[in-house]
Amino acid sequence: LDAHGDAGHFSLDEKFSSKELIYPLLLESSNDSAEAYSEHFGYEKFMENMNGFAGEIGMDNTHFRDASGLNPLNISNADDLFALAKYLYKNEKEILEISRTKEITLPKDEYHENHTFININPYSDYENFIGGKTGRTLQAKESMISLFNQEVVGINYPIAIIILRSDIGEREIDTEKLLEKFINKYFIINSK
């Protein structure tokens with residue numbers, strides 16, 4: 001596959017299981033991993049299933065045009081991404097756990113070379129990070145979904161922060177601002 005970017009650092013003729021491919025997909029945003037999933041299942045069927053599943057979990061304004069998310073005709077909004085975050089939090093703890101993995105190495109075997117995947121998510125080493133995913137295209141700028149277990153006055157709250165169209169290099173700053181707003185709002189409400 002020759003998808004945009006080199007995340008995953010795969011070589012020609014290497015073979016990976018679908019379980020192995022989830023690591024470069026979630027940790028390094030490997031477009032090759034996304035395309036490999038779609039090619040394995042049949043591209044049209046895969047896209048149909050992605051769009052169907054989005055509708056099933058309440059992402060009514062989301063439409064996928066490609067597996068990697070690079071096509072500028074892919075569309076979604078904050079409400080739909082919040083529906084996805086809620087679904088993952090309630091039903092897919094393993095995906096969230098993988099998305100916060102700092103680093104993992106798949107040892108060399110008969111199918112592929114040794115590969116180490118390092119998480120590009122700036123929150124992967126935060127203790128209160130539940131999981132999430134980053135994204136970036138020229139058209140959409142930077143995006144990120146981050147789920148945190150935020151403690152405020154001894155109570156833990158699961159918080160989802162969704163960043164869309166953030167300027168390059170600003171999504172982490174924008175996330176921090178929204179998290180701070182939540183904490184400040186909590187203190188205002190509870191001090192009355």
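Two strands are taken to pair if DSSP finds at least two bridges between them. Strands (E, at least two residues) and helices (H or I, at least four residues) are DSSP runs, numbered from the N terminus. By these criteria, β3 and strand β4 (residues 141-152) pair in the antiparallel sense over 8 bridges. The structure is a predicted model, in which local features need pLDDT of at least 70, side-chain atom pairs count only at pLDDT 80 or more, and totals for chains, interfaces and linings use all residues. Residues are numbered from 1 along each chain as its sequence is written, and side-chain values use heavy atoms, with hydrogens and water left out.

Contact means heavy atoms within 4.5 Å.

β3 and β4 form a hairpin, with 3 residues between them. Gly-131 has Leu-147 of β4 as its bridge partner. Gly-132 stands opposite Ser-146, also in β4. Of the 9 residues of β3, 7 are buried, so the strand is largely enclosed by the rest of the structure.

β4 and β5 pair in the antiparallel sense over 10 bridges. Ile-145 stands opposite Ile-162 in β5. This pair of strands also forms a hairpin, with 2 residues between the strands. Val-153 lies in the loop between β4 and β5. Val-153 has a positive phi of about 50° although it is not a glycine. Most residues other than glycine have a negative phi. Val-153 counts as exposed, at 59% relative accessibility.

A positive phi also occurs among the helices. Ser-29 lies in the loop between α1 and α2. Its phi is positive, about 55°, although Ser-29 is not a glycine. Ser-29 is partly exposed, with a relative accessible area of 21%. Helix α2 spans residues 31-41. Its buried residues are Asn-31, Asp-32, Ser-33, Ala-34, Glu-35, Tyr-37 and Ser-38. These pack against α1 (18-28) and α3 (43-56). Just after α2, Gly-42 takes a positive phi of about 95°. Gly-42 is found in the loop between α2 and α3. Gly-42 is partly exposed, with a relative accessible area of 26%. Its C-alpha atom is separated by 26 Å from that of Leu-106, 64 residues apart along the chain.

Charged side chains were then examined. A salt bridge is a side-chain nitrogen of Lys or Arg within 4 Å of a carboxyl oxygen of Asp or Glu. A search of the whole structure finds 5 salt bridges. One of them joins the side chains of Lys-19 and Glu-94 (2.7 Å, N to O). The pair links distant parts of the chain, with Lys-19 in helix α1 and Glu-94 in helix α5 (residues 93-99), 75 residues apart. Lys-19 is partly exposed, at 46% relative accessibility. Glu-94 is likewise partly exposed, at 47%.

Glu-142 and Arg-136 meet through their side chains in a salt bridge (2.3 Å, N to O). Glu-142 is buried, with a relative accessible area of 2%. Arg-171 forms a salt bridge with Glu-142, the closest N and O atoms being 3.8 Å apart. Arg-171 lies in helix α6 (residues 171-190) and Glu-142 in strand β4, so the pair ties together parts 29 residues apart in sequence. Salt bridges that share partners join Arg-136, Glu-142 and Arg-171 into one network. Arg-171 counts as buried, at 11% relative accessibility.

Glu-28 has its place in helix α1. Here Lys and Arg count as positive and Asp and Glu as negative; His and the chain ends are not counted. Glu-28 is buried yet has no salt bridge. The nearest side chain of opposite charge, Lys-133, is 11 Å away. A polar atom of the Glu-28 side chain lies 2.9 Å from the backbone nitrogen of Ile-118.

Terms used: Buried means under 20% relative accessible area, exposed over 50%, partly exposed in between (1.4 Å probe, protein chains only). A polar contact is a pair of N or O atoms within 3.5 Å; within protein, one must be able to donate a hydrogen and the other to accept it, and residues adjacent in sequence count only if both atoms are side-chain atoms.
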